[in-house]
Amino acid sequence: MLLGVDVGGTFTDAVLVDGDRIFTAKAPTTGDQSEGVLTAVRQTLAAAERLPSEVTVFAHGMTVATNALLEGHGARTAFVATKGFTDIVELGRQARPHLYRLCEAGPAPLAPPERRFGADERTGPGGVISPLNGIDALTAALIETEPEAVAICLLHSYAHPGHEQELGRALAAALPGVHVSLSHEVTATFREFERAATTEIDAALSPLLRDYLVALADACAATELPAPQIMQSSGGLTDVHHAAAHAATTVLSGPAGGAAAAALLSTRIDEGNLLCFDMGGTSCDVSLLTEGQVGRSSGREIGGRPLALPTVDIHTVGAGGGSIAWRDAGGALRVGPQSAGAQPGPAAYGRGGTLPTVTDADLVLGRLPATIGDIDLDRDAARQAIGALADTLGLDVEACAAGIVRVADAEMVRALRVVSVERGLDPRDFALLAFGGAGPLHACAIAELLGITDVIVAHQAGVLSALGLAAADRRHDRAQTVMLEDFTDADIAGLAQGDEMVWEARYRGQSHELALRDIAPSADAIRTAFHREHERLYGYREANAPIQLVTVRTADIDPGPELVLATEPGETLTGPATIALPGCTLFVAAGWQATDDGLVWRLRWIR
């Protein structure tokens, strides 16, 4: 039996796959996420009448690292860099956080100035320039600051890690129990600022994630559940020990499960081009599948901080079912990014919430049933919450509710345009895959705004991310900056080791690289592919210009288990109509026709 559990901002979703039977559950997300996880697990096991010991795989996606990073709540972290470079994270790059707000600052480094230390050493691209000196004095200074974690990022350690390794051994001996992150282990790539910032993130988050995962693993052992396997930002699972030691790899753990689910469903329904729209209670995650492949990037920003690690290409906005509607200083109706969360939740949940949310608006507009899971929705409370906002806007309740939904839809459309239109792709060439607790409720309106005529909603749409976790691949990513120019087949032979390879190359003198995927490990093939890709993106190629092979990224992939998804075709209906699905509600708008093919609902805009 396969078990997948995905923690969201509002609900924790669980899916148990037992042969061709699927059991699902939703539980409110708790402050200690492990409590909500175990509650959801117990519910699915009870529904299946199975024992914890019968579970063979437990895959888990969570938001522990994400929340800590966004809120700035990390462990007490010290930072060690080559002498003269201790402020590299604070200096950053010249790019401003906001184009027109000249005084706006980026997020503060996780290690303040008093906990930054310079190591007396120096390496260059060619090797050691000055040996590592003064380890004892550096260690003594670190001990005085009582750190819970230490990030070490020395110049050019991606190519020459010896000094980092020596310093790491010394600190491990002098500071037992203190987590130490070495930059060449976190990400062996060049660009000192991004590598340093990523290592600092890894150090600050790892003790928190370790505590959470140790507690969860102990609870699993006590109930005879297998140890959890953790979803990484790259879209593959890893063991609990690796995740606990390198928390930076899990910052997008939760949303990555949705991308894995989309890839799984893409093959089953023979739809290679999908715009994926995952709307939960707190946020909306959007991504793109092209020819059945999930987009991946070699790095991104999270909360204004660079993360130089492979991630699934997901764009997130603060628009979910629990997003709070409000009136801004100019009198305009706004929605989010603040959320009512799991506690107290939308006013309709009857748990003490009084602020109007998107869920309340959907209920007022008649798009939701009277009950969601084990929650009896309070329509009067929803109307009262929206009515208070409507009075300030000079609207009646229904008009205000409709406005809330339109504003939320517009925010999500903007997010979908980021991953499609802004990349030169026409959303009308894609089907919209809607999932999450609120995604199917808004799918038709979103599709109409984008001109999309086909919408796909899986039967398990409300818990699809958890299903994706259960079927996800196991994955181990590696990266190494090599800086090869006149490279030959012999030069790259030892680099091409993995089930997946990405070659990052550029013309000499350029400051950016192009990622070349699915290219044979051949020097000629890499150069040919680079010229072709450069011309496709920029309209020209430099046939005689030298090409630098900058970084090689590889991944070892162990395919996930095969899922048997039962199919039994059902009815066809025309909107407006509401369809209750496990963990969510599908709203078929007027002008749309929905057909149940047994695995998914296929919606067609008939106008």
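User: Is Cys444 buried or exposed?
Analyst: This is a predicted model. In it, Cys444 is buried, with a relative accessible area of 1%.

User: Which cysteine sulfur is nearest to that of Cys444, and how far away?
Analyst: The nearest is the sulfur of Cys584, 13 Å away. A disulfide needs the two sulfur atoms within 2.5 Å, so Cys444 is in no disulfide.

User: How many disulfides by that rule?
Analyst: The count is zero.

User: And Cys153, buried or exposed?
Analyst: Cys153 is buried, at 4% relative accessible area.

User: Switching to helices. At what angle do α4 and α5 cross?
Analyst: Roughly 50°, with the axes coming within 10 Å. Here α4 covers residues 135-144 and α5 covers residues 162-174. The two helices are therefore oblique to each other.

User: Which hand does the crossing have, left or right?
Analyst: α4 passes α5 in a right-handed crossing.

User: Which residues meet there?
Analyst: From α4, Ile135, Leu138, Thr139, Leu142 and Ile143; from α5, Glu166, Leu167, Ala170, Leu171 and Ala174. By class, that contact has eight nonpolar residues, one polar and one charged.

User: On phi, what is the value for Glu224?
Analyst: It is positive, about 70°, although Glu224 is not a glycine. Glu224 lies in the loop between α7 (192-222) and β10 (229-231). At 55% relative accessibility, Glu224 counts as exposed.

User: What about phi of Asp518?
Analyst: Also positive, near 55°, and again not a glycine. Asp518 is in the loop between β28 (514-517) and α16 (523-538). Asp518 is exposed, with a relative accessible area of 75%.

User: Last one, Thr86. Where is it, and is it buried or exposed?
Analyst: Thr86 is in the loop between β5 (77-82) and α3 (88-91). Its relative accessibility is 19%, and the cut-off for buried is under 20%, so Thr86 counts as buried.

User: What does Thr86 touch?
Analyst: Leaving out residues up to four places away in sequence, Thr86 touches Phe79, Ala81, Arg116, Phe117 and Gly118.

Note on methods: Residues numbered from 1 in each chain as written. Predicted model: local features only at pLDDT ≥ 70, side-chain atom pairs only at ≥ 80, totals over all residues. Heavy atoms only, no water. Axes fitted to C-alpha atoms, helices over the stretch in contact; angles between N-to-C directions. Helix = DSSP H or I, 4+ residues; strand = E, 2+ residues; numbered from the N terminus. Parallel < 35°, antiparallel > 145°, perpendicular 65-115°, else oblique. Left-handed = near helix turned anticlockwise from the far one by under 90°. Contact = heavy atoms within 4.5 Å. Nonpolar A, V, L, I, M, F, W, Y, C, P; charged D, E, K, R; others polar. Buried < 20%, exposed > 50% of the residue type's maximum accessible area, 1.4 Å probe, protein only.
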